[in-house]
Amino acid sequence: MFEVNQYAFPNWRMNEFDRASNYVAMAEGYKIGAIRLLDSLLDDNIGHDADAVIFPILFNAHQSLELYLKAAKVAVGEAKGLNPWLVDIRRSHNLLELIDSLNSSIPSSESRIVSQKETKPLFDLIDLLKSVGDNGKGDYYFDFARYPEKQPGKPYVFVKDDSLVFNLDEVKCVVADGCDFLDGYCAMWLDRVDSVREMRAEV
């Protein structure tokens, strides 16, 4: 008997005609992956798997934010009347650079993403990620969750310093809130894209 819940269908959430929503679909996947890993550790961390699994958790959180920011850049462009397939997405993994790139595309009449009360969940998550991959210059190395060193002989802080400790409950809240903020932000722009499409369809 075919049990649909025993299978994954990558195409089900994709749309070959909607560039931004495809980025959002993948961003949601990384967000859910991080939360599910955290839930599994909060349920059972007897063998202290968290010491190793924290890395894919942080990677997933970072990748989720990256994809949401790139989705928003495409959606902003399409909402402005541009061809979404021609919107230039910055080839960077650095979240702060991606925020700057997104802000530069937002119309002057709209609010930009800057550190303030409303955007605190996003910047709290970025600060969490920076605490692991800090480069000592107010920025961070985005490969911190993939490799133990920046380059040969230059390990990340968690290799040489045992003071870095994470409370899993707190990490879950920060990851969920940060990703949810950008999810909502993207949804706002996707709604505007839908309005633009509807107006074009009526012409």
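## Exercises on a predicted helical core

In this predicted model, the largest nonpolar core holds 51 residues, and Leu65, Ile113, Leu122 and Leu182 touch the most other members.

**Exercise 1.** State which helices each supply at least two residues of this core, and which one gives the largest share.

*Solution.* 
- Step 1: list the contributors. They are H1 (19-43), H2 (50-79), H3 (95-105), H4 (120-133) and H6 (168-202).
- Step 2: H2 gives the largest share, with 15 residues.

**Exercise 2.** Find what isoleucine 113 is in contact with, leaving aside neighbours within four places in sequence.

*Solution.* 
- Step 1: collect the partners. They are Leu69, Ile99, Leu102, Asn103, Thr119, Leu122, Phe123, Leu182 and Tyr185.
- Step 2: compare with the core residues that touch the most other members. Leu122 and Leu182 are on that list too, and both are in contact with isoleucine 113.

**Exercise 3.** Classify the packing of H2 against H3 from the angle at which their axes cross.

*Solution.* 
- Step 1: take the geometry. The axes come within 9 Å and cross at roughly 15°.
- Step 2: apply the cut-off. Angles under 35 degrees count as roughly parallel, so H2 is roughly parallel to H3.
- Step 3: H2 passes H3 in a left-handed crossing.
- Step 4: name the residues. From H2 come His62, Leu65, Glu66, Leu69, Lys70, Ala72, Lys73 and Val76; from H3 come Leu95, Leu98, Ile99, Ser101, Leu102 and Ser105.
- Step 5: sort them by class. The contact has 8 nonpolar, 3 polar and 3 charged residues.

**Exercise 4.** Describe the protein by its helices and strands, and by the pattern they follow along the sequence.

*Solution.* 
- Step 1: count the elements. There are 6 helices and 2 strands.
- Step 2: read their order. The pattern is α-α-α-α-β-β-α-α.
- Step 3: Of the 203 residues, 39% count as buried.
- Step 4: Among contacts between residues at least 6 apart in sequence, 70% join residues at least 24 apart.

Methods. Residues are numbered from 1 along each chain as its sequence is written. This is a predicted model: local features need pLDDT of at least 70, side-chain atom pairs count only at pLDDT 80 or more; totals for chains, interfaces and linings use all residues. Side-chain values use heavy atoms; hydrogens and water are left out. A nonpolar core is a set of buried Ala, Val, Leu, Ile, Met, Phe, Trp, Tyr and Cys residues joined through side-chain atoms within 4.5 Å. Buried means under 20% relative accessible area, exposed over 50%, partly exposed in between (1.4 Å probe, protein chains only). Helices (H or I, at least four residues) and strands (E, at least two) are DSSP runs, numbered from the N terminus. Contact means heavy atoms within 4.5 Å. Axes are lines fitted to C-alpha atoms, for helices over the stretch in contact, and angles run from 0 to 180 degrees between N-to-C directions. Angles under 35 degrees count as roughly parallel, over 145 as roughly antiparallel, 65 to 115 as roughly perpendicular and the rest as oblique. A crossing is left-handed if the near helix is turned anticlockwise from the far one by less than a right angle, and right-handed if clockwise. Ala, Val, Leu, Ile, Met, Phe, Trp, Tyr, Cys and Pro count as nonpolar, Asp, Glu, Lys and Arg as charged, and the others, Gly among them, as polar.
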